[in-house]
Amino acid sequence: MRKETKQLFHQYGIDVNKALKTLKNTPISIQCWQLDDVQGFENADSLSGGIQSTGDYPGKARNFKEWQSDMDVALKLIPGTKRINVHACYQTNNVTDRGEAGPEQYKDWVKYAKERNLGLDFNPTIFSSPRMNDGLSLSSPDKATRDYWIKHCINSIKVSEYFATELGSSSLCNIWIPDGLKEQPADRMGPRERLKDSLDQILAYPYDKKKVDVSVESKVFGIGIESYTVGSNEFYIQYAQKNNIIYLLDMGHFHPTEVVADKISSWLLFNKKVAFHVSRPVRWDSDHVIKLNDDLQEVADELVKLDALKRARIGLDFFDGSINRIAAIVIGTRNMQKALLKALLTPWNLLKEAQDNQDHTRVLELQEEIKTLPWQEVWNEFLKQENVPSEQDWLPIVKQYEQQIQLKRK
């Protein structure tokens with residue numbers, strides 16, 4: 001990187017070396033489910049429960065061995081600190097009924113993570129299961145159904161605790177359910193009362209809060225639950241705050257006109273931590289691969305200007321089966337990091353000072369001025385420092401692997 005580039009950013013009060021160090025040490029939790037379209041390793045052949053993956057691009061991973069091979073390619077093409085986000089349906093050891101699965105079923109994941117110096121996060125898989133009662137789980141009127149999924153969530157917390165103990169890195173256990181109704185509900189309160197009671201029973205498990213962060217994730221609607229979602233934004237915000245757990249913002253789980261970035265400062269004003277599933281909705285929660293667009297940039301900007309990177313858990317959540325799945329991971333993860341770098345190279349102190357002085361002309365002028373700063377040169381320096389291929393060089397590596405390995409899978 002040219003000396004002139006550092007000097008240019010320095011004129012705005014930006015320490016480029018500090019920005020690069022911060023970016024390197026900001027972990028991104030990569031979703032395991034991109035590589036196989038959320039199928040998992042329990043021999044499931046379809047998705048259900050307000051979730052679906054579209055596309056039939058050839059070569060998806062069919063088992064843990066193929067998954068490891070594919071992810072290893074992706075990891076070599078992504079700079080910085082990385083984690084893997086695991087769904088419960090990805091059992092690999094002594095596969096059992098999901099409600100019974102615990103640490104024993106995920107030993108291979110710990111082995112994989114240790115060998116590659118990765119952290120692990122976890123999610124109960126409360127969908128695509130015959131134990132869903134008419135699409136309902138923790139809010140079901142059937143007690144046996146609720147008890148099954150309560151046990152599954154408690155076991156999931158135990159898995160996160162196991163991950164944290166083995167890897168020396170705290171683990172996020174995120175709870176999302178697809179519960180809701182296709183038509184207007186006759187009773188909105190009842191399902192939410194049952195969901196609250198189920199969550200209370202789950203949180204009664206005495207887990208080590210130094211090792212595990214539990215989060216809850218809202219959604220505005222889903223396929224088949226267009227009229228009513230039990231776990232709404234309003235429900236989970238209040239539940240998370242009351243119970244001192246983390247609220248997780250999924251960027252695809254809000255109305256198209258809502259600005260997810262605007263919610264961050266309000267939450268962090270009253271709470272210690274926030275979590276994300278970063279995806280890109282196109283007209284609905286379609287979980288497209290994230291682009292370096294305004295929505296993504298505003299989220300990154302908020303985290304940096306609030307000095308909240310250490311208070312945030314950033315996880316990715318997209319599953320595009322219409323393109324090479326390794327490429328999807330690389331594109332999405334790099335875009336998250338690019339957005340963070342651009343935010344780290346922004347003179348927020350100057351902008352805030354101008355706003356507080358009510359010099360809104362200066363704010364607008366400076367916001368536009370800094371768009372021309374050579375952040376791409378700093379990004380290229382980051383890739384060089386991390387010894388990963390450049391923007392122009394990584395895709396041919398994926399394409400070669402596709403020809404030699406993925407397209408031979410039948």
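**Close-up views of a predicted model**

**View A. The lining of the largest cavity divides into seven nonpolar, six polar and six charged residues.** Here nonpolar means Ala, Val, Leu, Ile, Met, Phe, Trp, Tyr, Cys or Pro; charged means Asp, Glu, Lys or Arg; the others, Gly among them, are polar. This is a predicted model, in which local features need pLDDT of at least 70 and side-chain atom pairs count only at pLDDT 80 or more, while totals for chains, interfaces and linings use all residues. Residues are numbered from 1 along each chain as its sequence is written, and side-chain values use heavy atoms, without hydrogens or water. The lining has 19 residues. Nearest the centre of the cavity lie Ile51, His87, Trp176, Glu217 and Asp317. The cavity volume is about 190 Å³. The whole structure holds three cavities of 30 Å³ or more. A cavity is a set of points on a 1 Å grid over the protein atoms alone where a 1.4 Å probe fits but cannot get out; lining residues have an atom within 4 Å of a point. Grid points are joined across faces, edges and corners, and volume is the space filled by probe spheres set on them.

**View B. Strand E6 is largely enclosed by the rest of the structure, because six of its six residues are buried.** Buried means under 20% relative accessible area, exposed over 50%, and partly exposed in between (1.4 Å probe, protein chains only). E6 spans residues 212–217. Strands (E, at least two residues) and helices (H or I, at least four) are DSSP runs numbered from the N terminus. Val212, Val214 and Val216 point one way from E6. Asp213, Ser215 and Glu217 point the other way. Glu217 is also one of the residues nearest the centre of the largest cavity. E4 (residues 171–175) runs parallel to E6 and is joined to it by five bridges. E8 (residues 246–250) is also parallel to E6, with three bridges. Two strands pair if DSSP finds at least two bridges between them. Follow Val216 across the sheet: Ile175 stands opposite it, and in E8 its bridge partner is Tyr247.

**View C. Strand E2 is covered on both faces.** Six of the six residues of E2 are buried. Lys82, Ile84 and Val86 lie on one side; Arg83, Asn85 and His87 lie on the other. His87 also lies among the residues nearest the centre of the largest cavity. E1 and E2 run parallel, joined by four bridges. E2 and E3 (residues 119–123) are parallel too, with five bridges. Asn85 faces Gln31 and has Asp121 as its bridge partner in E3.

**View D. The largest nonpolar core has 81 residues.** Such a core is a set of buried Ala, Val, Leu, Ile, Met, Phe, Trp, Tyr and Cys residues joined through side-chain atoms within 4.5 Å. Leu138, Leu199, Leu303 and Met336 have the most contacts inside it. Helix H10 (residues 325–344) gives the largest share of this core, seven residues. A second, separate core has 45 residues, including Phe41, Ile84, Ile326 and Tyr401. Leu199 contacts Leu138, Ile175, Val216, Phe235, Tyr236 and Tyr239, leaving aside neighbours within four places in sequence. Contact means heavy atoms within 4.5 Å. In soluble globular proteins, nonpolar side chains tend to be buried together.

**View E. Val38 and Asn94 both have a positive phi, yet neither is a glycine.** Most residues other than glycine have a negative phi. Phi is about 65° at Val38 and near 50° at Asn94. Val38 sits in the loop between strand E1 (28–31) and helix H3 (64–75). Asn94 sits in the loop between strand E2 (82–87) and helix H4 (107–116). Val38 is buried, with a relative accessible area of 2%. Asn94 is exposed, at 55%.

**View F. Tyr162 lies in helix H5 (residues 143–167).** Tyr162 is buried, with a relative accessible area of 17%. It touches Pro103, Tyr106, Lys107 and Val110, not counting residues up to four places away in sequence. Lys209 is 47 residues from Tyr162 in sequence and 13 Å away in space, C-alpha to C-alpha.

**View G. Lys371 lies in the loop between helix H12 (360–369) and helix H13 (375–385).** Lys371 is exposed, with a relative accessible area of 57%. Its C-alpha atom and that of Glu4 are separated by 17 Å. Along the chain, Lys371 and Glu4 are 367 residues apart.

Notes. On a 1 Å grid over the protein atoms alone, a cavity is a set of points where a 1.4 Å probe fits but cannot get out, and a pocket is an open set with protein on both sides within 12 Å along at least five of seven lines; lining residues have an atom within 4 Å of a point.
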